[in-house]
Amino acid sequence: MSYDDSNIFARILRGEIPAKKVYEDDHVLAFEDISPKAPVHTLVIPKGPYKDLAALAAQGTDAELAALVRALAKVAEEKQTADSGYRVICNTGEDGGQEVDHVHFHVLGGKPVGRMIS
Ligand code: 5GP
């Protein structure tokens, strides 16, 4: 499936719907999740048109990939959850629970978020 730019995050990137922005640079936008599952719940997305992690890995530039990883750590730092710990999640595809078809990373913290894998 190719990228469909009618998804909600593409609309946020175009400024068509509002979002509470946390961080932005040339390649990345971070904003608060509309339905937070933890005291810190920020979404970090590349600005490029990538549906999922595989598309980002295949088509993203090295600059985009580097900016994304740095933004994830920066968001955790700025939300003051970096010291106590946090989780980054990238739900992918139907079985992975991905609802929005623009690749995104959840940064969750501000409380113990437990372990899903042990
Ligand atoms: P997924 O299940 O695709 O990994 O996560 C999508 C996330 O996007 C969910 O946590 C959901 O709350 C969030 N979300 C859905 N619509 C909006 C919106 O319009 N604005 C914001 N800020 N977050 C949204």
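Visitor: Which residues surround the ligand?

Guide: The model before you is a predicted one. In it, the ligand is surrounded by I8, A19, F31, E32, D33, I34, S35, N91, G97, Q98, E99 and V100.

An unreviewed UniProt entry lists H104 under "active site". H104 belongs to the loop between α4 (93–96) and β5 (105–109). Apart from its neighbours within four places in sequence, H104 is in contact with F9, L43, V44 and I45.

The strands may be considered next. Strand β3 comprises residues 40–46 and is joined to β5 by 5 bridges, the two running antiparallel. Within this pairing, V40 stands opposite G109 in β5. Both strands belong to an open sheet of 5 strands, ordered β1-β2-β3-β5-β4, with antiparallel pairing. β1 and β4 (86–89) stand at the edges with a single partner strand each, so one side of each has no neighbour in the sheet. From one strand to the next, the twist averages 20°. Helix α3, residues 62–78, lies across β1, β2, β3, β4 and β5, and runs at about 165° to β3.

Finally, D26 is found in the loop between β1 (21–24) and β2 (28–32). D26 counts as exposed, because it has 8 C-beta neighbours inside 10 Å and the term applies at 12 or fewer. D26 and A67 are 41 residues apart in sequence, yet their C-alpha atoms are 8.5 Å apart in space.

How values were computed. Residues are numbered from 1 along each chain as its sequence is written. This is a predicted model: local features need pLDDT of at least 70, side-chain atom pairs count only at pLDDT 80 or more; totals for chains, interfaces and linings use all residues. A residue is near a molecule or strand if its C-beta atom, placed from the backbone, lies within 6 Å of it. UniProt positions are given in the numbering used here, feature names are shortened, and annotations may be inferred rather than shown by experiment. Helices (H or I, at least four residues) and strands (E, at least two) are DSSP runs, numbered from the N terminus. Two residues are in contact if their C-beta atoms, placed from the backbone, lie within 7 Å. A residue is buried if 20 or more other C-beta atoms lie within 10 Å of its own, exposed if 12 or fewer, and partly exposed in between; C-beta atoms are placed from the backbone. Two strands pair if DSSP finds at least two bridges between them. Axes are lines fitted to C-alpha atoms, for helices over the stretch in contact, and angles run from 0 to 180 degrees between N-to-C directions.
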